[in-house]
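Please keep the sequence and the model in view while reading.

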Amino acid sequence: MVSKGAAMGSASAKEGWSSRGAFILAAVGAAVGLGNIWRFPALAGESGGGAFVLVYIAFVALLGLPLVLAEITIGRIGQTDAVGSIKEVAKRSQASGGWSAFGGIGAIAAFLILSFYSVVAGWVLYYASVMGGELVAAIGRGDPLGGAFAGESVDQIQSRMGDLFGNPWLLLGMHAGFMGVTWFIVSRGVHAGIEKAATYLMPAFFVLLIGITIYGAFEGNFSEATAFLFTADFSKLTPQVINAALGQALFSLSLGVAGLITYGSYIRRSGGLGGTSATIALADTMVAMVAGLMIFPIVFAAGLDPAGGPTLVFQALPVAFQAMPGGALIGFLFFLLIFVAALTSSISLLEVPTAYGKGEMRWTRFVSASIFALGAFILGIASLLGYNVWAGVSPLGFWSIFEGLDILDTIDGFTGRVMLPLGVMLLSIFIGWKADAKMLQASTGLSNTTFRLWRFLVAWVCPIAVGLVLLFGLFPGLLG
Ligand code: PHE
């Protein structure tokens, strides 16, 4: 029996991007997110700056870019959700359909990431509204270009984060709001929802990013920031830092969660995928670098600690927005920028399981998006309770690398350090060794030499590098 949804077209009619440009915008939107603006600067700051940045760039070039192309190619050949697409590529290559397992791992990872991603995006939403209030107050004082938090002490400003974290209801409300918007857009479909959101949000994002960076170049300490980000101190390169750089490269490019397989499946037209993949990888990396150049001049100008880690953006920067000219306005725009970036990424995170539900379970888009958004919302509640009611709970605390981590950091760590590398490893073995070379070359549109280089990187460099990093990352004891 054909279900009503299928008859109406939501499960059977093919969805797709209206143009190559729309795909690139949506894929860049998926890649550019909290990973670039919140995590990359925090990690670079904690890991000593330049050396980390160099390793990161090497991982993007040697592993990230080839794998972006690999995922998009699978999607374009398969023309359906990640699991179905991998099965299709396997079938045409006379390989086992069991390889589709990494599509399943990816969809689960996307779901898990979405659960805490929305919680963190909720903090952003909260800070955007606080800064919005500060801007309104500054305008009320007749000083629209004034600083935020007039008359408050540094302690008062910084205590906002603790107050937020201590308030489960406030966290819940923000989490619900963000997940609700994500769900709304995804349930509207590829064209009317995802593509439309990207076409509005991405240009706004770039305008804000460039604007705030120029502001920082004039008002902040730009030279100290560039020295910090681009001078490499190799004594800081521990295996942990290398591991973190790989994890960050995968996360930032949205690899290993089948997101690009899913987005690639909505490409209708023919045409090479090499340039498209390079554009996506390059844009994502540039945004991470520019985000560093946006944040650190402000951090250094205010005399803040670059190694502040995850609290850098939420606790340190608001202090800077008090003293700097135009601080209230810039602060508001800054959190708006992160919000926009997070939204286009969370959309892609929800789209992966949603497409799976449509393709494999034959649910309608609406039902599928609703089930997974609700599920991730409920799971996310555990993460946010980890800051208050369940403080001290460390779900994987028995495993040395997750010892002492709260619920959110545990899910983040488990997906980033275990699931993504595992998914990427299987992806590279599948594309590097199992998939039919002729079919791959035809679909990627690469020339003979580039194709050989690509396949070599995917077949050898990716599995070996990811395998090593996985091994030492998970069992740090191996290094003595
Ligand atoms: N790449 C996104 C970021 O940098 C996160 C993400 C991971 C999005 C996986 C989709 C899939 O924030």
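In the side chain of N36, an N or O atom is 3.2 Å from an oxygen atom of the ligand, a polar contact in the sense of a pair of N or O atoms within 3.5 Å. The backbone contributes as well: a backbone N or O atom of G35 lies 2.7 Å from an oxygen atom of the ligand, and a polar backbone atom of A30 is 3.4 Å from a ligand nitrogen atom. In total, 14 residues surround the ligand, the closest being A31, G35, Y117, F251 and S254; a residue qualifies if one of its heavy atoms lies within 4 Å of the molecule.

This is a predicted model, in which local features need pLDDT of at least 70 and side-chain atom pairs count only at pLDDT 80 or more, whereas totals for chains, interfaces and linings use all residues. Residues are numbered from 1 along each chain as its sequence is written, and side-chain values use heavy atoms, with hydrogens and water left out.

Helix α8 (residues 168-187) packs against helix α16 (residues 365-385) at an angle of about 160°, with the axes 10 Å apart. That angle makes α8 roughly antiparallel to α16 (the term applies over 145 degrees). Residues in contact (heavy atoms within 4.5 Å) include L172, M179 and W183 in α8, and F366, F377 and L384 in α16. By class, this contact has 15 nonpolar, 4 polar and 1 charged residues.

Helix α4 (residues 50-78) and helix α18 (residues 437-444) cross at roughly 95°, their axes coming within 10 Å. The two are therefore roughly perpendicular to each other, a term for angles of 65 to 115 degrees. Here L69, T73, R76 and I77 of α4 meet M439, L440, S443 and T444 of α18. The contact of α4 with α18 has 4 nonpolar, 3 polar and 1 charged residues.

Definitions and conventions
Axes fitted to C-alpha atoms, helices over the stretch in contact; angles between N-to-C directions. Helix = DSSP H or I, 4+ residues; strand = E, 2+ residues; numbered from the N terminus. Parallel < 35°, antiparallel > 145°, perpendicular 65-115°, else oblique. Nonpolar A, V, L, I, M, F, W, Y, C, P; charged D, E, K, R; others polar. Polar contact = N/O pair within 3.5 Å; in protein donor to acceptor, adjacent residues only side chain to side chain.
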